[in-house]
Amino acid sequence: MLLPLLLALHADPQPARAEIEAALANMTRAVLAADQPAFLASIDQSEPEFATEWRHWAAQLRDWKPDAFAMTIGEGDATFGDTRAVVPLRMTWTINKGPEESWGAGGKPRDVAFPPVVFLREDPDGDGPLPARWLLHGEDWTEIRGQGFIVRYIPGGNAEKVARDVLAAFPVAREHDNAFFGLDPGPQILKLYTSMDHLKATVYLNMPDSYLGGWSESGESIKFLTSYAHSIPEWKNAYAHEYGHVCTWAMGPQASAIPWWTSEGIAEQAAAVFRPGYTEQLDKRFRNLARAGELTPWEDITDYVTAKQKVKAMAYLQGNSLMLYVTGHWGDAERNGWVRAMCRGATPDAATREVLGLPFADLDRDWRASLATPAGEK
Ligand SMILES: [Zn+2]
């Protein structure tokens, strides 16, 4: 008869608190050792998106091992049950290497208060009472369901209104993108964050950006700050971009490794339908930049983590400009085929030769030549 013993053990919350503190200490040690498997052993694997988000987070530790790090129970209310606990989480770290302009690295100490997170007690033998371990299951989300997607948010402020706007906007953006990319990546989880620091800390410790409004990577949920957009039309635009990435991830197994300007450029083009007048403004801007000799070398906007802040916007803008050129000359299907070839592992040059029939250097030259005349002139 083990059940009464279990109940007796957990009538007092202190053992559960101590066990969770021990789990957090294990996670802390694993991060300081850049030991990805040891860290991921404390992450609940039951939802693939959540597990993938933390796998990507932990994969950065190989190159960005922090010099100081701790995960602890933070300030605020905590509840401890036999198999489920909800605790405020605090994450602190310092990564001494990296550029000073990096938010997460570059020597600045970071201290991020997560909203309450859920730990679940796992009993590996299924017959209790010990050994058992507590696994991080994720934030204590409230969720509403749409057709083929779930919207999650932390109640408070305007989060519930934002969630309802997203519930209305996302299916419109998804339908547009599925047609634009010619595919359907299937069910999605949409997470809405109230705190930017919380959002950034769930992506990478070495997050380069001080400002981050939204995020998605292959196999993850789609993350947005609740303050990123303010109306249903703005959320359609926001998700047409971010879900555009989800469509790109579905194009091939190497999609996460394609040049950054490619994934941002095609996501921007997908979203442009929800931005009246945007494409015309972009065209004008790039004709001006081209005539001023101020286009950005592609290699400067190929890697998200190492791109300099001053050129980062060009991954979006210049990537979009080249996508528009390719679309205009070859059409939607060939543009998608070109990106798909890169997602299947082709270099930009190989994909360009294979799908568009010329070397990348020639495509780059022709695109630049197309921008040589002022807007409105032939
Ligand atoms: Zn993007």
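This is a predicted model: local features need pLDDT of at least 70, side-chain atom pairs count only at pLDDT 80 or more; totals for chains, interfaces and linings use all residues.
In which sense do S10 and S12 pair, and over how many bridges? The notes below take up this point along with the rest of the fold.

1. Division into domains. The protein is divided into three parts: domain 1 covers 3-138, domain 2 covers 141-250 and domain 3 covers 252-378. Between the C-alpha centres of domain 1 and domain 2 the distance is 24 Å. Contact between these two domains involves 21 residues of domain 1 and 20 residues of domain 2. On the domain 1 side, the elements giving two or more residues are helix H4 (48-59) and strand S4 (89-94). Of the elements on that side, H4 gives the most, with six residues.

2. The five-stranded sheet. Five strands make an open sheet in the order S8-S9-S10-S12-S11, and the pairing is mixed. Strand S8 (142-146) and strand S11 (214-215) are at the edges; each has a single partner strand, so one side of each has no neighbour in the sheet.

3. Strands S8 and S9. These two strands run antiparallel and are joined by five bridges. Arg145 has Ile150 in S9 as its bridge partner. S8 and S9 form a hairpin with two residues between the strands, and Gly148 in this hairpin has a positive phi near 80°. From S9 the chain passes through H5 to S10, and this β-α-β crossover is left-handed.

4. Strands S9 and S10. Strand S9 (residues 149-153) pairs with strand S10 (residues 188-193) in the parallel sense, over four bridges. Phe149 is placed opposite Gln188 in S10. Is S9 largely enclosed or left open by the rest of the structure? Four of its five residues are buried, so S9 is largely enclosed.

5. Strands S10 and S12. Here is the reply to the opening question: S10 and S12 pair in the parallel sense, over four bridges. As an example of facing residues, Leu190 stands opposite Ile222 in S12. S12 is covered on both faces: Ile222 and Phe224 are buried on one side, and Lys223 and Leu225 are buried on the other.

6. Strands S11 and S12. This pair runs antiparallel and is joined by two bridges. Gly214 is opposite Phe224 in S12. The two strands form a hairpin with six residues between them, and in the turn Gly219 has a positive phi of about 85°.

7. Helices against the sheet. Helix H5 (residues 159-181) lies across S8, S9 and S10, at about 160° to S9. Helix H6 (residues 196-203) lies across S10, S11 and strand S12 (222-225), at about 155° to S12.

8. In soluble globular proteins, nonpolar side chains tend to be buried together. Here the largest nonpolar core has 83 residues, and the members that touch the most others are Val166, Leu192 and Tyr239. H5 gives the most to this core, with eight residues. Beyond its neighbours within four places in sequence, Tyr239 is in contact with Ala169, Phe170 and Ala173. There is also a second, separate core of six residues, with Ile301, Ala307, Ala315 and Tyr316 among them.

9. The four-stranded sheet. Another open sheet has four strands in the order S2-S3-S6-S7, with antiparallel pairing. At its edges are strand S2 (79-80) and strand S7 (133-139); each has a single partner strand, so one side of each lacks a neighbour in the sheet. Strand S3 (residues 84-87) and strand S6 (residues 117-122) are paired in the antiparallel sense, over four bridges. Within this pair, Ala85 has Phe119 in S6 as its bridge partner.

10. A backbone detail to check. Most residues other than glycine have a negative phi. Ala34 is not a glycine, yet its phi is positive, at about 55°. The residue is found in the loop between helix H2 (13-32) and helix H3 (36-40). Is Ala34 buried or partly exposed? With 16 other C-beta atoms within 10 Å, Ala34 is partly exposed, because a buried residue would need 20 or more.

How values were computed:
Residues are numbered from 1 along each chain as its sequence is written. Two strands pair if DSSP finds at least two bridges between them. Two residues are in contact if their C-beta atoms, placed from the backbone, lie within 7 Å. Axes are lines fitted to C-alpha atoms, for helices over the stretch in contact, and angles run from 0 to 180 degrees between N-to-C directions. A nonpolar core is a set of buried Ala, Val, Leu, Ile, Met, Phe, Trp, Tyr and Cys residues joined through C-beta atoms within 7 Å. A residue is buried if 20 or more other C-beta atoms lie within 10 Å of its own, exposed if 12 or fewer, and partly exposed in between; C-beta atoms are placed from the backbone. A crossover is right-handed if, with the strands pointing away from the viewer, the path from the first strand over the helix to the second runs clockwise. Domain bounds come from an automatic or database domain assignment.
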